Amino acid sequence: MGYTNVKVFHAGLPAWKKAGNLVVSGPVGLETWMKAGDPFVLVDLRDAAAAEKGFIPGAIGIPAKDLAAWKDRFPENKKAPVVLYDAAQAGVDAFKTVRGWGYANTSVLLNGIASWKGELKTGALAAPAKIEYVKKLKPGEITIDAFKKVADTRPADT
């Protein structure tokens, strides 16, 4: 096949991320998160005119050239999954920027909006004052506050 610059990370994705390499998400994974109601931040990096023609539902519009100004509007939770799409090379630069802010679960949508097989929305793309991200608990999980409450009411071992 002719590949000469191949890297193998035996530790898998955690090692790949730690090395600062680009992480790519596929449209199937994005659709799975949507159907499951899992929270994530989806950012359309195209300019407003391009985004008005069609964008992935749930996306917020931040043109790639304006991304740096949005740092303080991103979620406080640095574990929030952030998926960036479109803007060609700017997507790689945007990935590096967002990862540099500490968002370890940042990725770029493989082949951008062209890979999205679901329905697109049209019209103005929202650009909220602050990006909302609320982690949803999965079955069997409890909040830290609920855990502390249980731990505080548990009788001490004698």
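Mentor: Happy to, and keep in mind that this is a predicted model. Let's start with a charge over a ring: Arg73 lies over the face of Trp70, at 4.1 Å from the ring centre.

Trainee: Nice. And ring against ring, how many aromatic pairs are there?

Mentor: The count comes to 3 aromatic pairs. Take Phe74 and Trp101: their ring centres are 5.1 Å apart with the planes at 70 degrees, so this pair is edge-to-face.

Trainee: Where in the chain do Phe74 and Trp101 sit?

Mentor: In distant parts, 27 residues apart. Phe74 is in the loop between strand 3 (60-61) and strand 4, while Trp101 is in the loop between helix 4 and strand 5 (106-109).

Trainee: Is Phe74 buried or exposed?

Mentor: Phe74 counts as buried, because its relative accessibility is 3%, under the 20% cut-off. Trp101 is buried too, at 12% relative accessible area.

Trainee: What about Phe74 and Tyr103, how do those rings meet?

Mentor: That pair is tilted, because the planes are at 55 degrees, and the centres lie 5.7 Å apart. Tyr103 is in the loop between helix 4 and strand 5, so its pairing with Phe74 ties together parts 29 residues apart in sequence. Tyr103 is also buried, with a relative accessible area of 1%.

Trainee: So which residues do the ring pairs link into a cluster?

Mentor: Phe74, Trp101 and Tyr103.

Trainee: OK, switching to the nonpolar core. Which residues touch the most other members of the largest one?

Mentor: Those are Val43, Ile62, Phe74, Val82, Leu84 and Val98, out of 20 residues in that core. So Phe74 turns up again, because it is on this list and is buried at 3% relative accessibility.

Trainee: Which elements give two or more residues to that core?

Mentor: Strand 2 (41-44), strand 4 (82-85) and helix 4 (89-100). Helix 4 gives the most, with 3 residues.

Trainee: And Ile62, what does it touch?

Mentor: Leaving out residues up to four places away in sequence, Ile62 touches Val43, Asp44, Leu45, Leu67, Trp70, Phe74 and Ile131. Trp70 there is the residue whose ring face has Arg73 over it.

Trainee: Last one: what does the second core include?

Mentor: It is a separate core of 13 residues, and Phe40, Ile56, Val83 and Trp116 are among them.

Note on methods: Residues are numbered from 1 along each chain as its sequence is written. This is a predicted model: local features need pLDDT of at least 70, side-chain atom pairs count only at pLDDT 80 or more; totals for chains, interfaces and linings use all residues. Side-chain values use heavy atoms; hydrogens and water are left out. A nonpolar core is a set of buried Ala, Val, Leu, Ile, Met, Phe, Trp, Tyr and Cys residues joined through side-chain atoms within 4.5 Å. Buried means under 20% relative accessible area, exposed over 50%, partly exposed in between (1.4 Å probe, protein chains only). Helices (H or I, at least four residues) and strands (E, at least two) are DSSP runs, numbered from the N terminus. Contact means heavy atoms within 4.5 Å. Rings of Phe, Tyr and Trp (its six-membered ring) pair if their centres lie within 6.5 Å; planes under 30 degrees apart count as stacked, over 60 as edge-to-face and the rest as tilted. A charge sits over a ring if NZ of Lys or CZ of Arg is within 6 Å of the ring centre and within 35 degrees of the ring normal.
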